[in-house]
Amino acid sequence: MFSGPLLLQSVILGVLLGGLYALLAAGLTLYFGVMRVVMIAHAAFLVLAAYLAWFFNRQTGLDPLLSLAVTVPLFFVIGVLMQRVLMSRLRPATLTMMSVLLTFAIAMFIEGMLGFVWTGTQRRIQLSYSGASIEFFGARIAVVKMIAFALAAVSLAGLYLLLKKSRMGQALRATIQHKEAAQLLGINTERIASYGFGLGLAIAAIGGTALSLDSTIYPSLHWRWIGPLMAIIVVGGLGSIPGAAAAAMLLGLAQSLLQLPMGTTWAQTVFYIALFATLILRPQGFFGGRLAQRF
Amino acid sequence: MNSSKRLLFGVLVSVSALAVTGCSQGGGATKTVADEVTIGISLPLTGDFSEPGKGVQRGYEAWAKYVNQNGGLMGKKVRLTILDDQSNADRVASDYEKLINRDKVDLVFGPFSTRLVVPAAQVAKDYGYLFVEPAGAAAEVFTKGFGNLFYAAPAVANDHYNYLAKTILAMPISQRPKTAAYASMDDPFAQGTAYGLKGKLEAGGIKTVVNEVYPPDTTDFGGIAAKIATSKADIVVGGTQYQDAVNLIVALQQLNYQPKLAAFSTAPTNPEFPKAIGDKTEGILAPTGYTPGAAWPSNVKFVDFYTKTNGNAPGEDEANAWTTGEVVAAAVEAVKCADPSPKCQAKLIDYLHKNTVETVVGPLSWDKDGRPQGAHLIQQYVKGAIRIVLPEVQKEADLLYPKPQW
Amino acid sequence: MTATISDLPVTTAGLETVGLSKSYGGVKAVDGVTVSFHHGEVNALIGPNGSGKTTFFNCVTGMIKPDSGTTSYRGRDITGKASHRIAQAGIGRSFQLCRVFPRMTVMENMLVAVRTGNTFAQLRSARDKTQLDRARGLLTRVGLDHLEEVEARNVSYGQQKLLELAGVLMGDPETILLDEPAGGVNPALIDRIKILVRELNAEGKTFLIVEHNMGLVMSLSDHVVVFDRGRTIAEGPPSVIQSDPKVLEAYLGI
Amino acid sequence: MLSASDLAPPAPPSHRPRPATVLRVAKGVALVVAVAAVLLFPRLAADPFILSVGVVIASYAVLATSWNLVGGFTGYISLGHAAYYGVGAYATALLIIKADVPPFVAWIVGALLVGLLAIPIGIAALRVRGASFVIVSIALVLILLLVFQSWGSFTGGSNGLRVPRPFSADVLRPEQHERFFYLHIALLSVVLLVWWVIDRSRFGAGLKAIREDEDKAESLGVPTVRYKLIAFVLSAFFTALGGGLYALWFGFLDPIFQFSILIGSYMVLMALLGGVRSLFGPAIGAVIVGVALEFFKSRYGDTQLHLVATGLLLALVVLFMPDGIIPALTNLVNRFRPTASSIQEMTAAELLQRDRAERPSETELSATEVADENTAVPR
């Protein structure tokens, strides 16, 4: 009932969207892994990064991608400080619940400050190539979406290598898998947790910049994103980055294809239906490990 | 719960009760001076509707300034009290409650956005106030039995494209588009504009091949654009606000979709629009209730005054606000009263039901539900500037059809 | 919980498991344990660190679901039952690192285990006189009666251990599982716990104790089960266990 | 104010620290004054605007106290109670409009329907603890927003839904405010009563035990799943009553305002600020937040600073007084009061023993044993 070209186009869009979702969700699942924290402010930081990219582009006229040179280290430091100064103050017994509220508060703070500084006006980066596309078997692939996808692929691959190969990555993975055992091995899990947080935010900086290339941004945009991202990390298995990536790809594709028969609004419900289905059928997630079992 | 907590509770409640009532006693101090007409307005200055909200604010403020420089209203100075409703329905109702009861304003003007007009109009109605509003154009606003409500613009949302529909249907069969794609935001106003045109074109035999509705917070238009592009519809119509139109147009361009005609509500009239789309605006259509070039007598003064004070020509939001001021002022001058008494407000309402008012958007009159009885102009980007192309009598340039490639 | 117990078939069998197994990601924490504890006696479960004692405890009390095998209590299958059901069947337990409800008072801690009557009875005041008197009696018995209205987080670790035991007793269990009752407490308190266990056992309670303090185990228990790497390696009275070469090997890690 | 326990070092069995009668009388008087102040509020309010603010605050108090039935007792923090609030409001309105049910009957029936709806939701959501529960609660609001927005033919969608007035047209707006103020206060009283009954009941003891340590509660025979579900459904029911009453008063519903995460977060903020473990805490929190929001709006109206302020307030509460303002102030008061505190009742020997016990011996921290226990994993 749908023409071949439309299906092909939708599959391409779905894959590109899935890649973006994977990038945006990676940080969220990373925080959970190292600290058992649901970072509600993650999407707010994405929007903040997008604003910084836009501001950078407006002030300098240079390509917004160059703003990554500033925002990535900046966000890493913010993440480390956030963990050291704020998260570590919470009592372990109530950490999960209270961290949700604390990061919720941070999200409101960021949204308020964005509105205060740059008003509620919708912004969009103007790029000479924003409408450009290349042809692919009759379908079209937008250049900006490809750049976003490439950013996602490169940073997720980088993250994977970092976790697999580096000393810090190994410590991070040990902390994710078993905090107490990691402590016994002499890993300073508090410091590792703060690096994990910093890393999550650094990815958020990349994600936000990727987002800003092909979307308007406004301060309350983060509410639009946090729901689907949370669904992705639950479906993927809380704390599992490959799981989140797989779930992101799957749900991005599903959303894109379901849009054909169901329309935009109802297609969005796929995230929440997947979320509820996951919790009922397999609370530990479909792709991740056993971590999530008790959460 | 131990007893010391209870003590604390008691103290807190009493203190806060006193604080709230205490504040209220002080509130009377803002009561009007006898030689002033106070006007209360609530606008979305922050939050999702803040962009057009600010435009409306500029329009209101310009109008008040102009009136005060030109002899005032019934010889009295006009003073505006503008509150921010944070784009929130609870707040907008509470704001009018405050303006009417606390500040005891003589008149109220309407807020922005259909979603906020209805709760606000209810409050005004309950206190018997005249409610002229610059922005609640959706058809549903006028079906709720608000006898006190008047929309200060030429036409309700569904009639915005009337001239365009007439022109398209009048084309010779060979040129006439055969298929149309519609995409509109799930918002009463935006959807109203697109569906108004859709109804008329369908009746004229133009087939609808895509009909998409998306939630207001949608930022990814890839999927919708794909549907439209692969349908190869002859024309595309967007029931849009601002950001969604920009995103949709860019997404359509990414897919290299080239319609013969592309019409989007609201966005193209925004001065930011050409910057957002770049050099690809040529041929994009939009309905507008207002053009700075219109020859109506009061418009010339308005454009002149506004340009002098603000440094640029007014947009549609500013004009609608100014129109609201003109409409209320006309009623006030005619019935010679401007005070909160139900008697005076009833006279004002009655006047507007029975009379036509000259405004910057032309002469306006209303039916019993407050629907204006005019039509919107159709604008198009021609040679990089937005021009009136329809109706014939008011056109500044010829309609470009089919639209050049973007 | 007399009502529940009378429903059970009359048998001398106590807590028994058959082939109970639980593994975590390939590591078999409990590996096909078949064991029968002596009803009416003080049983001890010992073994080196990581031998799966706590996992076994958690499987038996329904905190975690075993991968395979069965658990029965007094002839009735309780495998995989929710842990409140197991508690209501008459098995109470304490936790390794001592778990009390920190922001509830000592008395409130005591009243949690009271579960009698139908749903509507649950809406009656928790502080009804009978229960208060019982709770006070138990608190006096463990020596905490003067701390009734103090929040549990404000009493010492040793007192929390006693409170946990008293709280378990409020549910009137027939069988009590204690996970390291002597861990982290001073010798005076260990003696106190020892006396309490003896008294309660004399009153008819069955005990199953996981403990590292060998002195306590050997002087208190009637029957000892030894775990190593998730399996039982020895079983018998203390005197026999003490001289079992397999046990020594497991402990000395030869 | 010296009590017996101060003078007796080895602490003889004094069952309860007896508050002085003077204090008790003072508290009684304060409560009476508070109730009188609330009841007289419509008379004291200078104009209908103040009265309408009073209605909003009373509504907040109902919502925060209802939220606390689950949040305070069980410690399951739901950020998505706006879902029940919104569905309660829409159910009331739709029953009136589509089924011609009398307004106040529709209100009760609507809330009962929400209670029914909360059962499957509760079963699904309560299967998971901590993080996932919060995620589910937020997701619920977002999905309902989508559904109510998209299903325009039934819910009115983005056009909104006008709720008919429950009172006849000759009841003017100020009088309506007054009636709804008392209706909200009556509802608040009922919710408070329910809270109080549960608080002192065995059921309540079980719920609080769940909040403190769910596994432990379960091991003591508390049927945790059933208890959580009952508390959850009760909470949803009263939140829906709050939503329905608000709908009748406000007269207009729009999905984006009914199903807003912000409303849910206000409930949490108010309850947390006032104190989740006390009867009047959430209501007091509602008064403070309600007044503060008004203040911020009138002071910094046209900026987004109100969001910044709300965010900061929430962060401060979470970081520095997670037990709420009542315990925080009570502690402050207690510091200047020479009555017995728990620490003083301990003997020197016990303190010594406590110190020794603070550091558990190294044998207890074996990695696998801890892992088996699941205790060390925070949730």
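A word on conventions. Residues are numbered from 1 along each chain as its sequence is written, and chains are lettered from A and ligands numbered from 1 in the order in which they are written. Because the model is predicted, local features need pLDDT of at least 70 and side-chain atom pairs count only at pLDDT 80 or more, while totals for chains, interfaces and linings use all residues.

I start with chain A against chain D. The contact takes 48 residues from chain A and 44 residues from chain D; two residues are in contact if their C-beta atoms, placed from the backbone, lie within 7 Å. On the chain A side, α4, α7 (179–184), α9 (222–236) and α11 (264–281) each give two or more residues. Helices (H or I, at least four residues) and strands (E, at least two) are DSSP runs, numbered from the N terminus. The largest share, 17 residues, comes from α4(A). By class, that side of chain A has 34 nonpolar, nine polar and five charged residues. Ala, Val, Leu, Ile, Met, Phe, Trp, Tyr, Cys and Pro count as nonpolar, Asp, Glu, Lys and Arg as charged, and the others, Gly among them, as polar.

What does α4(A) pack against in chain D? The axes of α4 (residues 95–118) of chain A and α15 (residues 305–320) of chain D come within 7 Å and cross at roughly 160 degrees. The two helices are therefore roughly antiparallel. Angles under 35 degrees count as roughly parallel, over 145 as roughly antiparallel, 65 to 115 as roughly perpendicular and the rest as oblique. Axes are lines fitted to C-alpha atoms, for helices over the stretch in contact, and angles run from 0 to 180 degrees between N-to-C directions. The crossing of α4(A) and α15(D) is left-handed, that is, the near helix is turned anticlockwise from the far one by less than a right angle; clockwise would be right-handed.

Within chain A, α2 (residues 42–60) packs on α9(A) at about 130 degrees, with the axes 8 Å apart. That makes α2(A) oblique to α9(A), and their crossing is right-handed. From α2(A) come A:His42, A:Ala43, A:Ala44, A:Leu46 and A:Val47, which meet A:His222, A:Trp225, A:Ile226 and A:Leu229 of α9(A). This contact has seven nonpolar, two polar and no charged residues.

Next, chain B. Seven of its strands form an open, mixed sheet in the order β7-β6-β8-β9-β10-β13-β14. The edges are β7 (207–214) and β14 (385–390) of chain B, each pairing on one side only. Strands pair if DSSP finds at least two bridges between them. From one strand to the next, the twist averages 25 degrees. Strand β6 (residues 179–185) of chain B pairs with β7(B) in the parallel sense over seven bridges, and B:Tyr182 has B:Asn211 in β7(B) as its bridge partner. Helix α7 (residues 222–231) of chain B lies across β6, β7 and β8 (235–239) of chain B, at about 175 degrees to β7(B).

Last, the domains of chain D. The assignment, automatic or from a database, gives domain 1 (66–259) and domain 2 (260–324) of chain D. Their C-alpha centres lie 20 Å apart. Domain 1 of chain D puts 20 residues into the contact and domain 2 of chain D puts in 13 residues. On the domain 1 side, α8(D) gives the most, with five residues.
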